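Here is a protein model to read through in question-and-answer form. Please look at the sequence and the fold first.

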Amino acid sequence: MFGTVVVGVGIAGLARIRDLMNPMPSSPSEHLKLIGFVSRRSFGNINDAKQISLEDALKNKDIHAAFISTENKSHEETIRMFLEAGKHVLVEYPMALSAKAAHELWEMAEQKGKVLHVEHIELLTEEYKQLKKEVVGKDLVKGTLHFTGSVLDENKSGFPAFSGIARLTWLIDLFGDLTVTSATREKQKDKNYSRMTVHFQTANKKPLTWIEERGPGMRREKKINFCFTSGCLENFPEAPRSSVGLFMQDQNLFAKKLLGQVSKEELAAEKWRILRCLDLAEVIQQHCEEPEKIYS
């Protein structure tokens, strides 16, 4: 059994507590036992889960793994603390708000022989699984992924290329390695509006565009337009509802890693994808923050 602690009790943290307390029968999650949770706010207990201090969570020998569900800006520091304390770590994406920090943390986990698992539930949705089936084996001509959503506090969530890394993960997983050719950001502070537009090239020099747009009252929505030599895909394929929740699927994957049930090849591919996406997110941020070129 692996004793666990949940750090951060927002929407994701509460889902983690629920799933740890109610593991799927005969699944790897049955090897996880919730010892308690950590929060800056005072809750006492949530259901039968006990609130403990961060210091106790780091010192407790019965806690082998931490589930980190805090604000994005504190992921890096919290991962570092738990790895230094000799714990395995599951963290919600993005694992850090800089590529350098992400590489350092991954190296640290490997040196200590600990599992560092980054949640990417966007790859576990039925919608995405059906989309991937549609895309596999087709020759891309050009494509666009356009995301809209409500306003985020960037001081907590980070630059849009990091907070929106789920979209970048989709593109890398669907089309392989990408190169950033340009990236710009439009901001209207008075309207609390932001639009980031990124242009990529695939390894075959095909153009892909990612638009991340946020403003007050904007519906959370993804639109696709992927054109292949065989035709265009403009709507998501019909997808069945999954009987297993996304956080539970992710928890099972983490437990499989703790039990040594994931192949080295799968682990290496996942590590490459996560770090590559964070490298690209940083390149995008640098492009967007470059001072405007002035031509005389």
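This is a predicted model: local features need pLDDT of at least 70, side-chain atom pairs count only at pLDDT 80 or more; totals for chains, interfaces and linings use all residues.

Residues are numbered from 1 along each chain as its sequence is written, and side-chain values use heavy atoms, with hydrogens and water left out.

Q: Which residues does UniProt mark with the feature "binding site"?
A: The feature comes from an unreviewed UniProt entry. UniProt positions follow the numbering used here, feature names are shortened, and annotations may be inferred rather than shown by experiment. The record names Cys277 and Cys288.

Q: Where is Cys277 found?
A: Helices (H or I, at least four residues) and strands (E, at least two) are DSSP runs, numbered from the N terminus. By that rule, residues 264-289 form a helix that holds Cys277.

Q: Is Cys277 buried or exposed?
A: Buried means under 20% relative accessible area, exposed over 50%, and partly exposed in between (1.4 Å probe, protein chains only). The relative accessible area of Cys277 is 1%. So Cys277 is buried.

Q: What does Cys288 touch, not counting residues up to four places away in sequence?
A: Contact means heavy atoms within 4.5 Å. Cys288 is buried as well, because its relative accessible area is 16%. Its partners are Phe159, Ala183, Thr184, Arg185 and Met196.

Q: With which side chain does the side chain of Ser69 make a polar contact?
A: A polar contact is a pair of N or O atoms within 3.5 Å; within protein, one must be able to donate a hydrogen and the other to accept it, and residues adjacent in sequence count only if both atoms are side-chain atoms. Ser69 sits in the loop between strand E5 (65-68) and helix H3 (75-84). At 10% relative accessibility, Ser69 is buried. At 2.8 Å, the partner is Glu92.

Q: Which residues touch the most other members of the largest nonpolar core?
A: A nonpolar core is a set of buried Ala, Val, Leu, Ile, Met, Phe, Trp, Tyr and Cys residues joined through side-chain atoms within 4.5 Å. The largest one has 61 residues. Its top members by this count are Met95, Phe200 and Ile284.

Q: How many residues are in the second, separate core?
A: Its members include Val6, Ile46, Phe67 and Leu258. The number of residues is 17.

Q: Which parts does the pair of Phe67 and Phe254 tie together?
A: Phe67 is buried at 0% relative accessible area. Phe254 also counts as buried, at 0%. The pair ties together parts that are 187 residues apart in sequence, because Phe67 lies in strand E5 and Phe254 in helix H9.
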